[in-house]
Each structure stands twice: as C-alpha cells, then as structure tokens.
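Work through the exercises below with the model open. Try each task before reading its solution.

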Amino acid sequence: MSTTTSPKTHPAPEASPPKTLEEAARQLALSAAKGKFLDTVKGESQQAIAGFAVQQKSYELKHETLRTRWEQNERAVKDLRGKLIHQFGDWKELLCKTVCQTKDEIEAAEIALGKKSEAVELPLQRQIQEADGERQAAKERFTSWSKAADTLEKALTETAAEIQQVVQLLGKPEKVFALYRFWVRLQPAHYAVAASKEWALFQNGEVSTGKAPWEAICANCREEGGSGTGQDRGNMPAEKANSGAGVSSRNKDTAATPAFHNFGDLHVEAKDPCAGGRRIWVKIEDSTTKVPDPASPGTSIPVGVRVKVAYWSEEPQNGVFDPFAEPCREPRPTQKPEDFDNVVIADETSPDHFAKRVNENSALVKLSILDGANSPPQVVREERWLDQGGNANGGATPARAAHLIPKDQLDATLMQALETYREAGLKHAEKLAQSRSPRPILLLQRRS
C-alpha cells in the first residue's frame, strides 16, 4: 500500500435548501456530526496508512510462522477435544445442563429486560445504541487489521496459554470446569483467527463430536429437548423458544429469513436460513443446448437456462468470480460449486424442470416462480449474490477481526475494514444528529 492511498469516498448529493427552521437545524447538526467523525477517521486512517508498509512487511515475513503456530495450536485443540470426550462420556449432557441452560436463562432475562427498556426508551435512542455498537465493532476490526501481525501473534500466544490452562484443569479434582473453558473460551478463540477454510469447517462442524461452536451445541440441546433445557423451553419467551439458536427478538426475523434474489420472475433462495446465505453466488445464463427456433427459421434458441451456484464462507477480497470459468483462481468456493445445465422453467412435466433438477439436488438453493409472473416466466440472465433477506453478516458466520489470510490480500482487507468503519461511523453520526437537532430549534423558538 502506498502512503498516498486514501479511503474510498462517495460524492455527497447536493442538499436541497431547508424549507423549515427544524430542517435547517437538522442539516446543521448532521453536517457537524459527520464532519467531526470524518476528521477522526481521517486521522486514524492516515496513521494506519503511514505505518502500513512496516506492518505489511512484518505480516509477509511472519506469515508462515503464524500459520505454523496456528497449526500447532490446532493439533493441541484436537487432542484436548478427544481427551475431554473420552474422560466425560456425558460431556454433551453436562454442557446442556450447565452452560447451555445458563445461557438460555441469561438470554431469557435479556429479552425481558429488552422489553422493559423498549417501554421507556424512544426508538431513536435504541437506534443510536445499535449504531454505536456497530461503529465500535467496525473500529476494532479496522484496528486489528492495521496491526495484523501483532494482533495474530498476541491471539496465538493467548490461545497457547489457554490450552495449558485446560490441560492443567484436567489433572485437578475440579476438572469438569475444563468443559466450559474448552468449548466456550478456547475453541472459539482458536478458530476466530483461522484461515477461511478452517473457519468455515468449524462453523459447519459436527455437533455430535464437539467440532462445532458451542452455540450450535446448545441449539442442538433444545432441539433434542433434553439435558435440562427442554423443560425450561416451555417457560421461555416465545421469541426465544422459537429462535432455535437463541436469537434475540430484535433480529429474529432477519436471522430466520432465507437470503434470496429475484432473477426476473425466477425466485432463488438459500435452503438454509442460518448458513451465510448472503454469500451464495448465483449465475443464470442460457443453456448450452439449443433447438431450432420455430418463430425464426435458421436460428436456434436455448432449451432453458444454466444455473451456477457457489458459496464462499467469506466474500473474496478481490471480488466474486465464476469458479467454472476460472478454475484456477483463488480463493476457491468453500463448498463444491454446483452447475445445473439445460434447466427447464415453464414445462412442469419435463424431467429437467427446476423443481426436479435443482430443488431436489442442490445443497445450497431452491427455485420457485413468483406469484403474478409472466406466462411463460421471464428469467433475467445475470450473476448476483443472494443479497436480500437473510443475515447481512452471514448468520452463523459473523464478521471477524484479523485472521490468517494470504499475504497479498492484506492491503485490500485493510481498506475494506476502513470503509466499513467509515460507513458505520457516518450512520451513528446521523442518528446522533437526529437526536440533537430539536435542541437548537427550541432555543430559537424561545428567542423569537
């Protein structure tokens, strides 16, 4: 990264002249809030950019060592997981009765507290708090990427120390506490800095063998209705009991809705609403098989469409691409990409109709025709992420701070983190301006 690099900016549309005193005050407050934040971001970004050449060189030199250290920790984590499962044959039941049940009780209390807060808080106050939380999280990610090598070294050292703590606990009478330290503290911290492939494997891991996040294990406890959580489920708030993975009532609808995109009259949605559906890429193009066009002798038309589907656990830093057209380009999709050619849209009797060819065979998506569609349905040929519905952060795959990535991706990753921080900060500043704008209005009214 050169020292002249600057964060991406968007030209602001010209504001129309204020029509009321209130609108004028609001525009002044918003301009001041945004200006103050942008000054802060400018200072932070210039500082990060100035020192980035050193940080980038440090990351390049230490990349292999960092990867080796993570792999050493990975072997120790796998060994510990095996020992815990062996020593505690009822490990999952113990987790369900202690960690998961406590987690459910805490979340139920948080929902009740949230309802009480909503009764006394103004909607704008809640929006300010949520926007501030997003801003703080984005700033932490940006800071971690601006010092990637140092951040990873510290995280790997802390993980190694936590491994030793769990090992020591296994030799003590209170060794049962090792279950909590391993699944709730050690394993999540270890995989949080992993490369994309290992991170995705962990997020989609096997609950029965403990290779999954502890939240997934707790969700499984409730599904099975056992180990102390099933009885409590009936007493939980409806929002919590129906959420499956303990999603709060404020974001339950977003988390439970599959990601989708409409390609004209063709609706394509993720099969799993909780597996990062917004990082499923779909390309619709003409089928490779052609037939004579009865309306235009001497020409041919496609028999249907070709549906290509791919899933990345994290959005490629240099942009999404067609993994079939570029078989050697990295990073490869997290799961094997899917390719359905000669798919028929309108003829439901055809063995190649999408309900049979795609819906019965795809692990990632399912297709349908929108209500009120044209006859025959009109399908737009394009490639898109499933960018509507679902969870913008990918459900079970939240945005992460600094983690192991290829050496040549650090520059683009830092700039992406900076842009995310800038957008989150501007959103927070706008909410603050909205809350403060009435004050000068009241003051001016009193003077009139």
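Helices (H or I, at least four residues) and strands (E, at least two) are DSSP runs, numbered from the N terminus. This is a predicted model: local features need pLDDT of at least 70, side-chain atom pairs count only at pLDDT 80 or more, and totals for chains, interfaces and linings use all residues. Residues are numbered from 1 along each chain as its sequence is written, and side-chain values use heavy atoms, with hydrogens and water left out.

**Exercise 1. Describe the protein as a whole.**

Step 1. Take the secondary structure: the protein has 14 helices and nine strands.

Step 2. Take burial. Buried means under 20% relative accessible area, exposed over 50%, partly exposed in between (1.4 Å probe, protein chains only). Of the 448 residues, 40% count as buried.

Step 3. Take the surface. Accessible areas come from the Shrake-Rupley method with a 1.4 Å probe; for residues, only the protein chains shown count as cover. The total for the protein is about 24000 Å², and carbon and sulfur atoms hold 52% of this.

Step 4. Take contacts (heavy atoms within 4.5 Å). Among those with a separation of 6 or more, 72% join residues 24 or more positions apart.

**Exercise 2. Is S144 buried or exposed, and what does it touch?**

Step 1. S144 lies in helix α4 (residues 123-146).

Step 2. S144 has a relative accessible area of 8%, so it counts as buried.

Step 3. Beyond its neighbours within four places in sequence, S144 contacts T151, A401 and A402.

Step 4. A polar atom of the S144 side chain lies 3.0 Å from the backbone nitrogen of A402.

Technical notes: Polar contact = N/O pair within 3.5 Å; in protein donor to acceptor, adjacent residues only side chain to side chain.
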